[in-house]
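Please read the following note alongside the sequence and the model. It is meant for a colleague who has not seen this structure before.

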Amino acid sequence: VTLSLHGMAKSISFDKDGKVRIIPAAQSELCSLIVDSTKSFVQCVDDFESVIQQHLIDTLDAKATELQNARLIAIGLNNQIIDETERRKKKENELKSLIKSQQNMLRKLQAKYQSLCNVESKQNNT
């Protein structure tokens, strides 16, 4: 059956289910196969994308965890350096204080020794 619409010849046919087709049955079956193949391909691409995204998410999560651990280690090391610096400064101040105390003691003992030497000298001269 051929029908002319606006000066164009169109082939109209009926398939085995009684549906009206405007393209030949062979081409219709080919189109159906292409559509099914395309749907299958799209599904494969979607599955692939899902796998890649999951792998990417897992990899990024693992790298984020590694980065966080490295960050925490760096913070801990920085805190240790700060603590060590403060400990050394405190120790330095303690040693300076001890040196000052010992120097004061030395001056007192030197003064006492000098005083005793003067007393002894006066006793020996008299």
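1. Basis of the note. The model is predicted, so to be included local features need pLDDT of at least 70 and side-chain atom pairs pLDDT 80 or more, while totals for chains, interfaces and linings use all residues. Residues are numbered from 1 along each chain as its sequence is written, and side-chain values use heavy atoms, with hydrogens and water left out.

2. Confidence. The mean pLDDT (the predictor's confidence in each residue, from 0 to 100) of the protein is 88, and 90% of the residues score at least 70. Helix H1 has the highest confidence, at 94, and strand E1 (residues 2-5) the lowest, at a mean of 46. Where pLDDT is low, predicted coordinates should not be read in detail.

3. Elements. The protein has four strands and one helix, in the order β-β-β-β-α from the N terminus. Helices (H or I, at least four residues) and strands (E, at least two) are DSSP runs, numbered from the N terminus. Helix H1 covers residues 25-125.

4. Overall form. The C-alpha atoms fill a box of roughly 160 × 30 × 15 Å along the principal axes. The radius of gyration is 50 Å, whereas a compact globule of 126 residues would have one near 14 Å. That radius is taken over C-alpha atoms, and the globule rule is 2.2 Å times the number of residues to the power 0.38.

5. Surface. Of the 126 residues, 2% count as buried. Buried means under 20% relative accessible area, exposed over 50%, and partly exposed in between (1.4 Å probe, protein chains only). The protein exposes about 11600 Å², and carbon and sulfur atoms supply 60% of this area. Accessible areas come from the Shrake-Rupley method with a 1.4 Å probe; for residues, only the protein chains shown count as cover.

6. Salt bridges. How many salt bridges are there? The count is five, a salt bridge being a side-chain nitrogen of Lys or Arg within 4 Å of a carboxyl oxygen of Asp or Glu. One of them joins lysine 63 and glutamate 66, at 3.9 Å from N to O. These two residues are three apart in helix H1, so about one helical turn separates lysine 63 from glutamate 66. Lysine 63 is partly exposed at 47%, and glutamate 66 is partly exposed at 47%.

7. Further along helix H1. Arginine 87 and glutamate 84 form a salt bridge with their closest N and O atoms 2.5 Å apart; they too are three residues apart in helix H1. Glutamate 84 has a relative accessibility of 27%, and arginine 87 has 46%. A network of salt bridges links Glu84, Arg87 and Arg88. Lysine 89 pairs with glutamate 92 at 3.9 Å, again three residues apart in helix H1.

8. Cysteines. The structure holds zero disulfides, a disulfide being counted as a pair of cysteine sulfur atoms within 2.5 Å. Cysteine 31 is partly exposed at 37%, and cysteine 44 is partly exposed at 48%.

9. Nonpolar patch. Leu30, Leu33 and Ile34 form a nonpolar surface patch with about 310 Å² of accessible area together. Patches are made of residues with over 30% relative accessible area and no salt bridge; like charges are joined within 9 Å, nonpolar side chains (Val, Leu, Ile, Met, Phe, Trp, Tyr) within 5 Å. Leucine 30 lies in helix H1 and is partly exposed, at 49%.
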